[in-house]
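Please read the following account with the sequence and the model side by side. It goes from the single chains to the places where they touch.

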Amino acid sequence: MRAMLKRYQFFLLTLLALAVIFAVNLAMGLKAMSVIGFSFKEMLLVIPPIFILLGFLDVWVPRETMVHFMGEGSGLLGVALAIFLGSAAAGPLYGAFPVAAVFIKKGASFRNVVIFIGAWSTTKIPMLLFEISALGAKFAVTRLIIDIPGIFLIGWALEKLLGQRERERIQKAMEVM
Amino acid sequence: MFTYALYIICLIVAAVSWRKDKVKTKKALIKAWKAFENILPQFLGILILVGILLAVLRPETISALLGRKSGWLGVGIGAILGAVTLIPGFVAFPLAAMLMRGGAGSMQMGAFISTLMMVGVVTMPVEIKYFGRRMTLLRNGLAFVFSFLVAWVIGVVVR
């Protein structure tokens with residue numbers, strides 16, 4: 001019970017803040033509720049199938065397969081796969097973290113996983129079409145053209161700045177997730 | 001659209017898995033549930049936090065701060081707003097378009113959209129849980145700085 005309370009303390013705190021807002025300003029509280037309802041629906045729709053697919057990936061795909069396609073020696077194929085998988089995904093960035101965790105656990109290289117997260121955050125195909133319709137092709141395509149080298153640049157910098165020890169620590173931490 | 005595809009794929013995979021090995025299928029589902037429950041508390045807290053943030057920040061306020069004339073200060077404000085809010089793309093793009101029609105600059109919106117997608121201050125607790133503090137801070141910091149470059153190029157190209 002105590003452990004449960006500790007795990008949910010952040011959530012309970014935000015609930016408290018929400019209650020305070022309701023007490024002070026009803027309209028503001030209702031507006032917050034409508035935003036929360038919207039995000040909650042999105043989360044309930046997109047997150048469960050992602051986790052279920054991850055469960056299957058974890059159980060069925062052998063480590064060797066992942067190492068072969070996205071591991072240290074996977075070269076360009078691994079990079080291309082990371083970009084493709086990240087771009088084909090939908091959903092907010094936080095959806096990428098559990099996927100990345102399973103990738104690392106299964107033996108994908110650190111660099112490919114970072115590239116995957118980068119692609120997920122910026123070059124999502126379904127979102128790109130939407131961006132074009134809202135902001136125009138010039139805006140969307142320009143952003144895409146700068147973001148692709150940006151993903152590699154950030155991935156490379158992360159790898160260099162973190163160093164071998166920290167990368168190994170992260171990989172170890174994934175084993176127990 | 002994508003969500004439906006995700007569910008269909010999920011069902012197909014589940015059906016194939018069930019036919020091949022019932023024990024493994026159950027194991028996969030249990031793993032999925034455990035992984036989900038593991039981060040559920042943070043998720044719920046974040047959802048509410050974002051709702052509160054968006055209710056407190058009024059669109060008119062955003063417009064005043066992000067106008068074409070706001071320059072690099074506006075870019076900085078846009079970048080920070082994008083970093084601390086968590087709006088789904090299909091809300092953020094029309095919002096940015098609306099703001100641009102209302103006088104916000106393309107450079108400022110470029111920074112906003114870029115950090116919105118790459119930087120997640122409110123989701124940091126979740127990210128730290130997976131990757132640790134150091135990598136999370138580095139990744140978000142690098143993405144934040146990079147967004148200024150994105151903003152500058154968009155400001156030059158999109159008038």
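The paragraphs below take up the chains, the domains of one of them, the interface and the salt bridges in turn.

This is a predicted model, in which local features need pLDDT of at least 70 and side-chain atom pairs count only at pLDDT 80 or more, while totals for chains, interfaces and linings use all residues. Residues are numbered from 1 along each chain as its sequence is written, chains are lettered from A and ligands numbered from 1 in the order in which they are written, and side-chain values use heavy atoms, with hydrogens and water left out.

Chain A has nine helices and zero strands, where helices (H or I, at least four residues) and strands (E, at least two) are DSSP runs numbered from the N terminus. Read from the N terminus on, its elements therefore run α-α-α-α-α-α-α-α-α, and its C-alpha atoms fill a box of roughly 60 × 50 × 35 Å along the principal axes. In chain B there are seven helices and, again, zero strands. The C-alpha atoms of chain B fill a box of roughly 65 × 35 × 30 Å, likewise taken along the principal axes. The radius of gyration of chain B is 20 Å, whereas a compact globule of 159 residues would have one near 15 Å; this radius is taken over C-alpha atoms, and the globule rule is 2.2 Å times the number of residues to the power 0.38.

Chain B is divided into domain 1 (1-56) and domain 2 (57-159), with bounds that come from an automatic or database domain assignment. Ten residues of domain 1 of chain B and twelve residues of domain 2 of chain B take part in the contact between them, contact meaning heavy atoms within 4.5 Å. The C-alpha centres of these two domains lie 28 Å apart. About 1,000 Å² is buried between the two domains of chain B, and carbon and sulfur atoms give 70% of that area; buried area is the accessible area (1.4 Å probe) that two parts lose on being put together, summed over both. On the side of domain 1 of chain B that touches domain 2 of chain B there are eight nonpolar, two polar and no charged residues, with Ala, Val, Leu, Ile, Met, Phe, Trp, Tyr, Cys and Pro counted as nonpolar, Asp, Glu, Lys and Arg as charged, and the others, Gly among them, as polar. Across this interface between the domains of chain B, the rule finds zero salt bridges, a salt bridge being a side-chain nitrogen of Lys or Arg within 4 Å of a carboxyl oxygen of Asp or Glu.

Between the chains, the contact takes 72 residues from chain A and 76 residues from chain B. The area buried there is about 7,000 Å², of which carbon and sulfur atoms give 82%. Across the interface of chain A and chain B the rule finds two salt bridges. Helix H3 (26-60) of chain A is among the elements that give two or more residues to the side of chain A that touches chain B, and the largest share of that side, 24 residues, comes from H3(A). By class, the residues on this side of chain A divide into 54 nonpolar, seven polar and eleven charged.

Over all chains, the structure holds nine salt bridges. In one of them, A:Asp58 pairs with A:Lys105, the closest N and O atoms being 3.0 Å apart. Because A:Asp58 lies in helix H3 of chain A and A:Lys105 in helix H6 of chain A, the pair ties together parts that are 47 residues apart in sequence. A:Asp58 also meets the side chain of B:Lys31 in a salt bridge, at 3.3 Å from N to O.
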